[in-house]
Each structure stands twice: as structure tokens, then as C-alpha cells.
Amino acid sequence: MSSPASTSDLEGAFDKLHPKVQRWIVDQKWDDLREIQARTINAVLDRSGDVLLSATTAAGKTEAAFFPVLTKIAHRGGVGFSVIYISPLKAFVRCGVRSVVVRVVAPLLARGRASKGANSG
């Protein structure tokens, strides 16, 4: 069982996210991250290894998983990346995370294609 997160740990999670992910959260007019989201951000960004999330329905698991993963992708210097994410499609479709994926990942993919094209000549 995990120990309770301190308030400062939970508040600091937002600051660890990539600025584009932060902007998306602000644009959604969220007051703050949910506890599962802050804990997951800390677990993914502060440690190496696998992370398994489990929480009740509508607890914010989809965002909890995507925010730190998108941050890692955005900070990655190389071309290409891989992520395995398992989720019920219905939950993903209902969630607004699709828009942050498009806003953060699409430019990264475009940058990767441009870099690959520049290096292949």
C-alpha cells in the first residue's frame, strides 16, 4: 500500500508536465489535478519502470496516464517513440484527452518527419 502523498508532492506534479500539456489543462479550466493524476505524474516522471493504475470510474485515470507519457514524449530528443496503453475505447473516446494528444503529439510527429527528411538527404 502506498503512503499518503503530501500536499507539496501533489501540487508539484503540475510543474513537472510539459508546457503544452500544462496549457491544455489550463484551457480546460481545471482548478487542479486529481490525486490519482498527481500521484501518477510523480510515479512516471520521477522513476523508471512500469506503472499500473487502478481507481474508480471517472477518477481521472485516462488523463493520469496520458499527461506524464505525453510529457516524456515531448521532452524526447530523438525521432520515434513507443507507448503501450490499454484502456477501454469507450472511456478514451469520452475523455477530452484526444485533444491534448493532437496538440502535443502531432507537432512532435511533424518535427520527427522533418528531422528524418533532413537527415536522409
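This is a predicted model: local features need pLDDT of at least 70, side-chain atom pairs count only at pLDDT 80 or more; totals for chains, interfaces and linings use all residues.
Me: How many helices and strands does the protein have?

Reply: Helices (H or I, at least four residues) and strands (E, at least two) are DSSP runs, numbered from the N terminus. Here you get 6 helices and 0 strands, and the pattern along the sequence reads α-α-α-α-α-α.

Me: How do I read burial, and is Gln 22 buried or exposed?

Reply: Go by relative accessible area: buried is under 20%, exposed is over 50%, and partly exposed lies in between (1.4 Å probe, protein chains only). Gln 22 sits in helix 2, residues 19–27, and counts as buried because its relative accessibility is 18%. Across the protein, buried residues make up 30% of the 121 residues.

Me: Which residues does Gln 22 touch, beyond its neighbours within four places in sequence?

Reply: A contact means heavy atoms within 4.5 Å. By that rule, Gln 22 meets Phe 14, Asp 15, Lys 16 and Leu 17. For the protein as a whole, take contacts between residues at least 6 apart in sequence: 72% of them join residues at least 24 apart.

Me: What makes an aromatic pair, and how many are there?

Reply: Rings of Phe, Tyr and Trp (its six-membered ring) pair if their centres lie within 6.5 Å; planes under 30 degrees apart are stacked, over 60 edge-to-face, and the rest tilted. This structure holds 3 aromatic pairs. In one of them, Trp 24 and Trp 30 have ring centres 5.5 Å apart and planes at 80 degrees, so they are edge-to-face. Trp 24 is buried at 2% relative accessible area, whereas Trp 30 is partly exposed at 29%. Ring pairs also link both of these Trp residues with Phe 67 into a cluster.

Me: And what is in the largest nonpolar core?

Reply: In soluble globular proteins, nonpolar side chains tend to be buried together. A nonpolar core is a set of buried Ala, Val, Leu, Ile, Met, Phe, Trp, Tyr and Cys residues joined through side-chain atoms within 4.5 Å. The largest one here has 12 residues, including Leu 17, Trp 24, Ile 41 and Phe 67. Helix 2, helix 3 (35–46) and helix 4 (61–75) each supply at least two of its residues, and helix 4 gives the largest share, 4 residues.

Conventions:
Residues are numbered from 1 along each chain as its sequence is written. Side-chain values use heavy atoms; hydrogens and water are left out.
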